[in-house]
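This briefing sets out selected features of one protein model, grouped by topic. Please read it alongside the sequence and the coordinates.

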Amino acid sequence: MPLALYLLALAVFAMGTSEFMLSGLLPDLAAELGVPVGTAGLLTSAFAVGMVAGAPLMAALTRRWPRRSGLFGGVVLFAAAHVVGATATSFPVLCAGRVVAAFANAGFLALAVTTAGTLVGPERRGRAVGVLLSGTTAATVVGVPAGALLGQLLGWRASFWAVAVLCAPAAVGVLLGVPAGRGSADGRPALRAELAVLARPRLLHVLLLGALVNAGTFAAFTFLAPVVTGPAGLGRGWVPVVLMLFGLGTVLGINVAGRLADRHPRRLLAVAGPLLPLGWAALAALADRPAALPVLVPLLGALSFAVGGTLITRALAAAADAPTMAGAYATAALNLGATAGPLLAAATLPSPTGPLYAATALTAAALLLGPTLRERPPARTAA
């Protein structure tokens, strides 16, 4: 894999840390800003809304920019939004900062996913996406628990400052590792032609499945902290541990998906897909038994990211005729799920296990929409 992929993954790590870290900060953040925990959970949805709108918009606006310029601008804007968040004194200002950060993240991720696919041949697209998304899984293993711990020690604002600082080496990595090149739209189809690809039923099917799976993931993950400190009866110090366990599972899941998604996508989804709703239901039923958390939480992290990563790869294959917009379509669909998931989960509160049952319903809906894949894996061609 090219070095540039790993440098892009470093930037994705910084952004993934921000996207997921609110799971461990919600109680303290809600208390300081004077809002209910359910309302504070809407920050996750606000971020996802920005990702949904920002992915296609930013991809369209920057499609003629050199890739390096677009990626660098996304990182800088993301860092600035976190400075605003760290100094916010009201919930609306913090929410607005999250939306701006989401637009920056969306533009970066959509361009990064497209760039990853062009740096390798079609037969290795799944592995390339896996390397890129390893930044997200590393964030769930290291960044999110560290952010939660830092928030407990120094306050939730310190976590926002840490993400802003973390963007600096990521920006340098983009400048040094990504070739300047020409605009991503040079020699490519017109924007209208790429937008028309979105009307294909097969692509819409895969995007819908990805949205439902991600909705289930975020419905549960956003409100894991109340489960740990509520029915499980564990102290606040266990929240970073449980988040780290989930992250370890995502590392396993995304690596499995990266290796199998190109060759055996239907087999992977046929095995992992049915296990997702069963797993979320089991976690909800056993939430009052602390011993169940270290078993089920990493397992569900692995299943969620294995299925989600495979669906991203299939979406890129289904939108192969939209080379500058395919990553935006996948990013928007996943974050549409990330928007709906916490909203539905918040409606099930104050029951701490309500979000887990919401995740069960959402992933069961995705399962009922199968079969998912009809296209063959991409043919081997020169890079």
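V49 is found in helix α4, which spans residues 42-61. The model is a predicted one. The C-alpha atom of V49 is separated by 6.8 Å from that of L336, although the two residues are 287 positions apart along the chain.

**A second pair distant in sequence**

- A146 belongs to helix α7, residues 125-154.
- The relative accessible area of A146 is 41%, so this residue is partly exposed.
- Between the C-alpha atoms of A146 and P240 the separation is 7.2 Å, while 94 residues set them apart along the chain.

**Packing of α1 and α5**

- Helix α1 (residues 3-21) packs with helix α5 (residues 67-87) at an angle of about 25°, and their axes are 11 Å apart.
- The two helices are therefore roughly parallel to each other, since angles under 35 degrees fall in that class.
- The crossing of α1 and α5 is left-handed.
- On the α1 side the contact is made by L8, A11, A14, M15 and S18, and on the α5 side by L71, G74, V75, F78 and H82.
- Sorted by type, the residues of this contact comprise 7 nonpolar and 3 polar, with no charged residue.

- N105 lies in helix α6, which covers residues 91-118.
- The relative accessibility of N105 is 3%, so N105 counts as buried, the cut-off for that class being under 20%.
- Leaving aside residues up to four places away in sequence, N105 touches M15, E19, F47, M51 and F78.
- Two of these partners also take part in the helix contact described above: M15 on the α1 side and F78 on the α5 side.

**Packing of α13 and α14**

- The axes of helix α13 (residues 265-285) and helix α14 (residues 293-318) come within 9 Å and cross at roughly 145°.
- The crossing of α13 and α14 is left-handed.
- From α13, the residues that meet α14 are P265, L268, L269, A272, G273, L275, L276, G279, W280, A282 and L283.
- Their counterparts in α14 are L293, L296, V297, L300, L303, S304, A306, V307, T310, L311 and R314.
- This contact divides into 17 nonpolar, 4 polar and 1 charged residues.

**Cysteines**

- How many disulfides does a search of the whole structure find? The search returns 0.
- For C167, in turn, the closest cysteine sulfur is that of C95.
- C167 has a relative accessibility of 3% and therefore counts as buried.

**A cis peptide bond**

- The peptide bond that leads from L349 to P350 is cis, and its omega is near 15°.
- Where is P350 placed? P350 sits in the loop between α15 (326-347) and α16 (354-368).

Definitions and conventions:
Residues are numbered from 1 along each chain as its sequence is written. This is a predicted model: local features need pLDDT of at least 70, side-chain atom pairs count only at pLDDT 80 or more; totals for chains, interfaces and linings use all residues. Side-chain values use heavy atoms; hydrogens and water are left out. A disulfide is a pair of cysteine sulfur atoms within 2.5 Å. Buried means under 20% relative accessible area, exposed over 50%, partly exposed in between (1.4 Å probe, protein chains only). Helices (H or I, at least four residues) and strands (E, at least two) are DSSP runs, numbered from the N terminus. Axes are lines fitted to C-alpha atoms, for helices over the stretch in contact, and angles run from 0 to 180 degrees between N-to-C directions. Angles under 35 degrees count as roughly parallel, over 145 as roughly antiparallel, 65 to 115 as roughly perpendicular and the rest as oblique. A crossing is left-handed if the near helix is turned anticlockwise from the far one by less than a right angle, and right-handed if clockwise. Contact means heavy atoms within 4.5 Å. Ala, Val, Leu, Ile, Met, Phe, Trp, Tyr, Cys and Pro count as nonpolar, Asp, Glu, Lys and Arg as charged, and the others, Gly among them, as polar.
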